[in-house]
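I opened this entry to record what I looked up on pockets and helix packing. The notes follow the order in which I consulted the structure.

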Amino acid sequence: MSKRMSEAAKLVEAGKLYDLAEAMDIALKMPKAKFDETVEMHVKLGVDSKQADQQVRGVIVLPNGTGKSKKVLVLAKGDKAEAAKAAGADFVGDDDMIQKIQSENWFGFDVVVATPDMMASLGRIAKLLGPKGLMPNPKSGTVTMDVAKAVTEIKAGKIEYRLDKNNIIHCPIGKVSFGAEKLIENYTTLLDAIVRAKPAAAKGTYLKSIAISTTMGAGIKINPRQ
């Protein structure tokens, strides 16, 4: 264990479930790195992600953003392409951009937004985008005719939450520099969305455990029933 992690671990009492305010206070007191660390939220759910009717997935705009400016690629033509440029998209194109990804293995973007008419062409690079979590999807709002709205929301701090294979949702809720108030507001907004997304097929305890951590800090468990 590194010296920093050893110091971080001393701030957390093993096995204790903290209330949100205390947990956030501890997270912000963790030994600092030389960069503005991300604060992440980890929520384990009492569902089975292998079952189609127990998937938990959605999108939400965090009230205070994530602190990270995402580079957006929009695949659209004509007026929609112009609207995307006006909304602040970093890259806009159609088949030319698809070809660039395919031939140059170019991934200078964080999110792909596409109009429905581009999806057939996108199929050519689905195997490249899919494993990186970059394939546009209607459920995440990245396949849409309103590309301007999609770009604006992503730039404002829109995030997607989804279960991993261990039934855990991992999401950033901001930067250490945000301070406790803004981070707690983002945390509450995300948790409310996850609770509202509870599948009808889910049985028993839905919120199994919640923890927060900074990029270089120790995890802090939060009482999910507070």
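**Entry 1: the largest pocket.** I began with the volume of the largest pocket, which is about 700 Å³. The model I am reading is a predicted one. I then listed the lining of this pocket and found 26 residues. Nearest the pocket centre lie Lys70, Asp110, Val111, Gly133 and Glu160.

I next asked which elements give two or more residues to the lining of the largest pocket. They are β2 (57–61), β5 (111–114), β6 (158–162) and β7 (168–175). The most is given by β6, with 5 residues. Sorted by class, the lining of the largest pocket holds 11 nonpolar, 6 polar and 9 charged residues.

**Entry 2: helices α3 and α7.** I turned to helix packing. Two packed helices are described by the angle between their axes and by the distance between those axes. For α3 (residues 78–87) and α7 (residues 147–156), I noted an angle of about 25 degrees and axes 8 Å apart. Angles under 35 degrees count as roughly parallel, so α3 is roughly parallel to α7. I recorded the crossing of α3 and α7 as right-handed.

I then looked up the residues that make this contact. From α3 they are Lys80, Ala83, Ala84 and Ala87, and from α7 they are Val147, Ala148, Val151 and Thr152. The contact of α3 with α7 comprises 6 nonpolar, 1 polar and 1 charged residues.

**Entry 3: helices α2 and α8.** I asked at what angle the axes of α2 (residues 20–28) and α8 (residues 180–196) cross. The value is roughly 125 degrees, and the axes come within 10 Å. That angle makes α2 oblique to α8. The crossing in which α2 passes α8 is right-handed.

On the α2 side, I found Leu20, Ala21, Met24 and Leu28 in the contact. On the α8 side, I found Ala180, Leu183, Ile184, Tyr187 and Thr188.

Note on methods: Residues numbered from 1 in each chain as written. Predicted model: local features only at pLDDT ≥ 70, side-chain atom pairs only at ≥ 80, totals over all residues. Heavy atoms only, no water. Axes fitted to C-alpha atoms, helices over the stretch in contact; angles between N-to-C directions. Helix = DSSP H or I, 4+ residues; strand = E, 2+ residues; numbered from the N terminus. Parallel < 35°, antiparallel > 145°, perpendicular 65-115°, else oblique. Left-handed = near helix turned anticlockwise from the far one by under 90°. Contact = heavy atoms within 4.5 Å. Nonpolar A, V, L, I, M, F, W, Y, C, P; charged D, E, K, R; others polar. 1 Å grid on protein atoms, 1.4 Å probe; cavity = no way out; pocket = protein on both sides within 12 Å on 5 of 7 lines; lining within 4 Å. Points joined across faces, edges and corners; volume = space filled by probe spheres on them.
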